Amino acid sequence: MPDTRRAAVIGGNRIPFARAGGAYARASNLDMLTATLDGLAARFGLAGERLGEVAGGAVLKHSRDRDLTREAVLGSTLSPYTPAYDVQQACGTGLETVVAVANKIALGQLDSGIAAGVDTASDAPVGLNDDLRRVLMRLNNARTLRARIAALGGLRPGQVVPELPRNAEPRTGLSMGEHAAITARQWRIGRAEQDELAAASHRNLAAAYERGFFDDLVTPFLGLTRDQNLRPDTSVEKLATLKPVFGGPDGTMTAGNSTPLTDGAAAVLLGSDEWAAEHRLPVLAHVVDAEVAAVDFVHGGDGLLTAPVHAVPRLLARQGLTLQDFDFYEIHEAFASTVLATLAAWEDPAFAKERLGLDAPLGAVDRSRLNVVGSSLATGHPFAATGGRIVATLAKALHEKALHEKAQREKGTGRGLISICAAGGQGVVAILEAAR
Amino acid sequence: MTGLAPLYLRAAVRPGRGDALPDRDLVRTGVPVDPEHLARYARVCGFGFDGALPATYPHVLGHPLQVALMVERAFPLPLPGLVHVRNTITQERPLAVGERIDLRVRAERLAAHPKGTTVDLVTTALVEGAPVWLGRSTYLARGAHPSGAGAQAAVSSPPGVEGGAPAAVWRVDAGTGRRYAGASGDVNPIHLHPLAARAFGFPRAIAHGMWTAARALAALRGRLSPAFTYDVGFAAPLLLPSTVELRTRAAAPGWDLDVRSRDGRAHLRAAVRPR
């Protein structure tokens, strides 16, 4: 076993994200993931190449999509000798696949791999009514005619109503937005600052597209060349006219400062520095470290989406860094209020002491370094695809900055922090560092 | 596309026909590709849906023109009961949703066959005047012997695979013909219902050859270069329902494949060759 090494982020590919029921309404998770892998393979000359592995996943998954990622590999131009497996950790799925592949590369178990994620809200699974399913399973297991008749006796007319997927927490019955609204109120996050964050996300994403930042990160798909949710002309004034959708009539969360349901897929190519060099591929950044956390949002009074608040201080402590030691911060915009509550918690002395066990709060984040090329409020958020989107985006932003600094003989920290909150009260965070 | 049913009916009852092929092209410009229709076709045939047209799909786009040519009074062979015996597709690159596609169809090679007479319907798909896709469909009219038929053409069908473990086993259900008819517009009655098939001498309904060809090609997704020729020889009809086996073998370069019943009877032998 060699000493550990840092996995290199070589590049990424995603399809533009589409609004649910929009441009990708007829595409399945398998279609989108296969197209995304094919796009990555085309960009980096990987057709027919056997990679170490592909880790991928989806949050909303049909039962027929068992081993979705392997099926996508088999349908792609990658070598069929490339193994693959599925990961699922709600909105943390995409970043978790990056961590999984990067760790194997770090340990020398892999030289190369792809981390990917996909989700569709347009082609979501609709299940049999659960009572009907139980009757059918009993019928299937019945060995005698009498047992079969008894099983059929369980049929009821109401069982024809299928189970539709809901964006709600099984244990609390509350939707993610309703949970986020509780946290927003708790941290007194105002409407205006949420709308400002949302407007900035659209402004930054539009500007990044305009200057060609996404030219080597995004491959057009089914007629889309940019994220369908992007509103380049939106403004704080326009956003201020929207009615609240979460938190009751006096709530602060609107359709404009909350992320809509979205379809899309993203993939990241990872490898050792040696593998990248052998394949004459550039290294944009390295994966430094990652941390996951979970909170007790059911009985413990924690906010559903606040696990990254706990994960980041642990990650910083392990790396001997402060929250200010970063050039870029990528905080996933599930809702504008989630980002703002996270920042508020890191600045709060009482919270640091009582909940994080720290003598002092982490402090403020330089907002000019936050989500500099837009984030989920503008791109949309196909759950499992968001991690791959952010890792590839941040790696490129770090690489760009490093090139600029070299030319200008300046020096930044070269580091970027990723923070992704997830359903189930979980969070995944990671540090990338520009390749030098 | 379901508008073809009246043409089949007209062709079935209309007496009298010519002895030679009409010497003209039928052309349709700016043929629209409906994403909804394409998605349905892809689902029925086992293709993914990513905005690229499967190589077998332009055949479906050109089919109404083929039928229109074959139901003309001068066309020497009767349309109902025509059997698809050979199909060769050549594409320079995959076509895509949103491209402006022009289609040209003409009939060629009226030729004697041991069981009757064959004719080739040649469909060309053009983008901005340049041919991107070409499909040659050979149909057999059993027992027909128009005087204008030329000498029998030398037919060398792809050899297929012959033996080895199957790459896939397909359980092809009784509704397959109706589903493909719905997705393709090819409503030839021999595919729709056992009774209709019996009227043309088949014991049960049979699968569309182009469905079998499409599904076999779909199995090679990810293994094909963008430009290739797909040459398919149709053998015994695939009676519905059936369980059949797909065999594939990497050729140098390209792929050989066949689809057989479990008793070994071949339904399709094909070759894919990169260009």
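A search of the whole structure, which is a predicted model, finds 42 salt bridges over all chains, a salt bridge being a side-chain nitrogen of Lys or Arg within 4 Å of a carboxyl oxygen of Asp or Glu. Side chains of opposite charge can pair when their charged atoms come close. Local features need pLDDT of at least 70 and side-chain atom pairs count only at pLDDT 80 or more, whereas totals for chains, interfaces and linings use all residues, and side-chain values use heavy atoms, with hydrogens and water left out. Residues are numbered from 1 along each chain as its sequence is written, while chains are lettered from A and ligands numbered from 1 in the order in which they are written.

| Pair | Closest N and O atoms |
|---|---|
| Arg93(B) and Glu99(B) | 2.7 Å |
| Arg262(B) and Glu245(B) | 3.3 Å |
| Arg26(A) and Glu36(B) | 2.7 Å |

Asp130(A) and Arg133(A) are three residues apart in helix 4 (residues 130-141) of chain A, and so are separated by about one helical turn; helices (H or I, at least four residues) and strands (E, at least two) are DSSP runs, numbered from the N terminus. An α-helix has 3.6 residues a turn, so residues three or four places apart point the same way. Asp130(A) is partly exposed, with a relative accessible area of 24%, and Arg133(A) is also partly exposed, at 35%, where buried means under 20% relative accessible area, exposed over 50% and partly exposed in between (1.4 Å probe, protein chains only).

The salt bridge between Arg262(B) and Glu245(B) ties together parts that are 17 residues apart in sequence, because Arg262(B) lies in the loop between strand 9 and strand 10 (266-274) of chain B and Glu245(B) lies in strand 8 of that chain. Arg262(B) is exposed, with a relative accessible area of 52%, whereas Glu245(B) is buried, at 11%. A network of salt bridges links Asp23(B), Asp25(B), Arg104(B), Arg106(B), Glu108(B), Arg109(B), Asp120(B) and Arg136(B).

Between chain B and chain A the count is one salt bridge, in which Arg26(A) pairs with Glu36(B). On the side of chain B that touches chain A, the residues divide into three nonpolar, three polar and four charged. For this division, Ala, Val, Leu, Ile, Met, Phe, Trp, Tyr, Cys and Pro count as nonpolar, Asp, Glu, Lys and Arg as charged, and the others, Gly among them, as polar. The contact (heavy atoms within 4.5 Å) takes 10 residues from chain B and 11 residues from chain A. The area buried between the two chains is about 920 Å², of which carbon and sulfur atoms give 52%; buried area is the accessible area (1.4 Å probe) that two parts lose on being put together, summed over both. In chain B, Phe49(B), Arg221(B) and Arg223(B) lose the most area to chain A, together 54% of what that side buries.

Within chain A, the buried residues of helix 6 (residues 176-186) include Met176(A), His179(A), Ala180(A) and Ala184(A), and the buried residues of this helix pack against strand 6 (244-246), strand 7 (253-254) and helix 11 (336-347) of chain A. Ser337(A), found in helix 11 of chain A, is buried, with a relative accessible area of 1%, and, leaving aside its neighbours within four places in sequence, Ser337(A) is in contact with Ala180(A), Ala184(A), Ile189(A), Gln194(A) and Met253(A). Trp187(A), in the loop between helix 6 and helix 7 of chain A, touches Ala341(A), Ala344(A), Ala345(A), Asp348(A) and Phe351(A), not counting residues up to four places away in sequence. Just after helix 6 of chain A, Arg188(A) takes a positive phi of about 50°.

Most residues other than glycine have a negative phi, and most peptide bonds are trans. In chain B, a cis peptide bond joins Leu240(B) and Pro241(B), with omega about -10°, and a cis peptide bond also joins Ala252(B) and Pro253(B), with omega about 0°.
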